[in-house]
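Thanks for coming. I will go through one structure this morning, from the overall layout down to single residues. Please have the sequence and the model open.

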Amino acid sequence: MDDIKFGVIGTGNIANVVANAIEAVESASLLAVSSRTLSKAVSFVSERKTAIAVEGVDNLLKIPELDVVYVATPTATKEAIVFAAIAAGKHVLVEKPLPANAAVKRMIEAAKTAGVVLMDATHFVHHPRTEAIREAIPAKVGQPKSLHSAFYFPIEDKGDIRYDQELEPMGALGDMGWYAMRAVVEYLQPKGSLNKAASVAERDEETGAIKRMSGVIGFDSGESATFDFGYTSGTGIMDLNLIGTSGMIAMDDFVLDWHNSFVFQEADVKTGFTHRTHMASRKDFNFIETPAEKAADVIMIERFVALVKEQDVTALDQFADNAFKTQRLLDAIWEVTD
Ligand SMILES: NC(=O)c1ccc[n+]([C@@H]2O[C@H](COP(=O)([O-])OP(=O)(O)OC[C@H]3O[C@@H](n4cnc5c(N)ncnc54)[C@H](OP(=O)(O)O)[C@@H]3O)[C@@H](O)[C@H]2O)c1
């Protein structure tokens with residue numbers, strides 16, 4: 001089979017990162033980039049050998065050779081673009097967070113009916129560490145009972161889309177909270193339904209956008225999770241503790257690994273997780289290394305290409321289900337947020 005040909009919608013920060021990842025994958029190629037403003041698309045592709053620039057989503061979707069569209073636009077615009085892409089018969093990789101859950105359900109059904117792949121673009125789930133932790137949980141943690149995460153990146157620019165409530169209605173809850181909730185889905189894996197949610201949000205005085213939040217959720221199967229995230233810490237924080245009945249797994253880079261991600265490239269810092277059990281002091285904590293040959297965003301594109309080529313229904317359903325559950329948790333927290 002030929003290369004899977006990608007079109008990118010949007011010319012912002014993450015579009016650039018994922019365009020690089022597409023170009024790094026042998027079985028993928030970057031065919032086109034669309035912008036609302038042609039000159040921005042022209043500038044975006046100027047250093048990219050294979051891609052053409054087009055104006056507007058409709059013109060991109062009309063390109064018959066295009067297999068996949070990657071949607072890297074603000075959340076308020078995603079729903080219309082995803083449905084248009086599915087209607088045009090394109091596979092869709094869409095940035096997190098997603099629109100509200102009812103729309104996500106309709107998207108998943110529409111993609112299934114059209115026979116196209118639909119996946120959210122969460123990088124960390126594709127790092128081998130995520131699977132390694134899931135496999136290690138029974139032996140190292142026992143039954144997971146609680147998950148505690150803190151995820152902060154300092155963002156002070158009030159012109160950023162994250163401070164625009166029309167474009168990113170949930171602000172930091174959608175942007176940073178997505179990862180906290182995805183970690184709940186991937187690692188805590190609660191069996192029951194959500195039966196408690198409480199949040200304390202700090203809103204930006206100038207824009208009204210949520211810029212920091214702490215909270216707790218609980219499930220009728222007994223698991224609970226606390227979360228704390230935002231833009232106000234003055235430092236990057238990516239801490240996660242998964243506590244079970246026989247031990248604890250911890251990471252201090254659960255979203256973007258320090259070793260090789262689009263924000264950090266620290267060759268000397270190994271990727272993995274710390275395990276502790278019994279009455280261990282720090283010297284007895286065990287660091288389990290989980291190296292990856294490639295960055296998680298590159299693996300994400302490789303996996304997406306494999307899904308398009310092989311149409312592995314089980315894998316597709318799993319990705320869709322995890323995205324759906326993640327957004328459902330965000331929606332539940334949103335409902336109880338002032
Ligand atoms: N997966 C990840 O690791 C990750 C990381 C960062 C962000 N994200 C998510 O990706 C989305 C985009 O984030 P970003 O940081 O790339 O934002 P950004 O730099 O502001 O880029 C957004 C792009 O969307 C396009 N766009 C289309 N309609 C728009 C509108 N009405 N207003 C503004 N821009 C519009 C713009 O491109 P044109 O002007 O060329 O049309 C713009 O460059 C967000 O939902 C964010 O949460 C994901």
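The protein chain is assigned two domains, domain 1 (4-121) and domain 2 (124-291); these bounds come from an automatic or database domain assignment. Their C-alpha centres are 27 Å apart. Domain 1 gives 10 residues to the contact between them and domain 2 gives 11 residues, where contact means heavy atoms within 4.5 Å.

Before going further, a word on the source. This is a predicted model, in which local features need pLDDT of at least 70 and side-chain atom pairs count only at pLDDT 80 or more, while totals for chains, interfaces and linings use all residues. Residues are numbered from 1 along each chain as its sequence is written, and side-chain values use heavy atoms, with hydrogens and water left out.

Now the ligand. Which residues come nearest to the ligand? There are 26 residues around the ligand, and T11, S35, R36, K40 and E95 come nearest; a residue counts as near if one of its heavy atoms lies within 4 Å. In the side chain of T11, an N or O atom is 2.5 Å from an oxygen atom of the ligand. For E168, a polar side-chain atom is 2.9 Å from a ligand oxygen, and for T75 the corresponding distance is 3.4 Å. A polar contact here is a pair of N or O atoms within 3.5 Å; within protein, one must be able to donate a hydrogen and the other to accept it, and residues adjacent in sequence count only if both atoms are side-chain atoms. On its own the ligand has 900 Å² of accessible area, and the protein covers 86% of that. Accessible areas come from the Shrake-Rupley method with a 1.4 Å probe, and for residues only the protein chains shown count as cover.

T75 also belongs to the next topic, helix α4 (residues 75-87). Helices (H or I, at least four residues) and strands (E, at least two) are DSSP runs, numbered from the N terminus. How far apart are the end C-alpha atoms of α4? They are 19 Å apart, which agrees with the 18 Å that its 13 residues should span at 1.5 Å a residue; the expected span is 1.5 Å times one less than the number of residues.

Within α4, the buried residues are T75, K78, I81, V82, A85 and I86. Buried means under 20% relative accessible area, exposed means over 50%, and partly exposed is in between, with a 1.4 Å probe and protein chains only. An α-helix has 3.6 residues a turn, so residues three or four places apart point the same way. The cover over the buried residues of α4 includes β1 (4-9), α3 (57-61), β4 (68-71), β5 (91-94), α5 (101-114) and β6 (118-120). Just after α4, G89 has a positive phi of about 80°.

Next, some single positions. T50 sits in the loop between α2 (38-45) and β3 (52-55) and is partly exposed at 47% relative accessibility. Leaving out residues up to four places away in sequence, T50 touches L30 and L31. Its side chain reaches the backbone oxygen of L30 at 2.7 Å, and the C-alpha atoms of T50 and L30 are 6.1 Å apart, although 20 residues separate them along the chain.

S146 is in strand β7 (residues 146-152). Is S146 buried or exposed? S146 is buried, at a relative accessible area of 12%. Its side chain makes a polar contact with the side chain of H148 at 3.0 Å. Beyond four places in sequence, S146 is in contact with L188, S224, N241, L242 and I243.

R276 belongs to strand β13 (residues 272-276) and is partly exposed, at 34%. Setting aside neighbours within four places, R276 is in contact with G247, M248 and F285.

Last, the backbone geometry. Most residues other than glycine have a negative phi, and most peptide bonds are trans. A cis peptide bond joins K96 and P97, with omega about -15°; P97 is in the loop between β5 and α5. Q189 is not a glycine, yet has a positive phi of about 45°. Q189 lies in the loop between α8 (177-188) and β8 (194-203) and is partly exposed at 33%. H278, also not a glycine, has a positive phi near 55°. H278 is in the loop between β13 and β14 (286-289), and at 75% relative accessibility H278 counts as exposed.
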